[in-house]
Amino acid sequence: MQKSLRSAEHARLIELLVAARQKAGIRQHALAKKLGRPQSFIAKYEGGERRIDVVEFVAIAQALGVDPVKLFRDFLSARGSPPKQPRR
């Protein structure tokens, strides 16, 4: 099993979280403030440098005003779909 930090599934999870943040119209700094974390926390997980655990996933979803269960279902329903290539 490939390490999750570099896996296609991890890339899809990050893509989903970034899309949810952008859809909510929230910038990284504002999300970090809601979470009581530094902006670098958001930048690192969105950049694929850091994993998030389930508790963090739920907190992030709630801070974005998204149902974490629905977001997780969206992640699961996309299994098998190739991730989009990150923009550089």
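Reply: Happy to! This is a predicted model.

Me: Which residue forms a salt bridge with Glu9?

Reply: A salt bridge needs a side-chain nitrogen of Lys or Arg within 4 Å of a carboxyl oxygen of Asp or Glu. Here Glu9 pairs with Arg12, and their closest N and O atoms are 3.8 Å apart. Both sit in helix H1 (residues 8-24), 3 residues apart, so about one helical turn separates them.

Me: Is Arg12 buried or exposed?

Reply: Buried means under 20% relative accessible area. Arg12 has 8%, so Arg12 is buried.

Me: How many salt bridges does the structure hold?

Reply: There are 5. One of them joins Lys70 and Asp74 at 3.0 Å, N to O. These two are 4 residues apart in helix H5 (residues 68-77), so again about one helical turn lies between them. Salt bridges with shared partners also link Arg37, Arg50 and Glu56 into one network.

Me: Now the packing. At what angle do H2 and H3 pack?

Reply: Angles of 65 to 115 degrees count as roughly perpendicular. Helix H2 (residues 28-35) and helix H3 (residues 39-46) pack at about 115°, with axes 7 Å apart, which makes H2 roughly perpendicular to H3.

Me: Which residues make that contact?

Reply: From H2 they include Leu31, Ala32 and Leu35, and from H3 they include Phe41, Ile42 and Tyr45. The residues of this contact divide into 7 nonpolar, 3 polar and 1 charged.

How values were computed: Residues are numbered from 1 along each chain as its sequence is written. This is a predicted model: local features need pLDDT of at least 70, side-chain atom pairs count only at pLDDT 80 or more; totals for chains, interfaces and linings use all residues. Side-chain values use heavy atoms; hydrogens and water are left out. Axes are lines fitted to C-alpha atoms, for helices over the stretch in contact, and angles run from 0 to 180 degrees between N-to-C directions. Angles under 35 degrees count as roughly parallel, over 145 as roughly antiparallel, 65 to 115 as roughly perpendicular and the rest as oblique. Contact means heavy atoms within 4.5 Å. Ala, Val, Leu, Ile, Met, Phe, Trp, Tyr, Cys and Pro count as nonpolar, Asp, Glu, Lys and Arg as charged, and the others, Gly among them, as polar. Buried means under 20% relative accessible area, exposed over 50%, partly exposed in between (1.4 Å probe, protein chains only).
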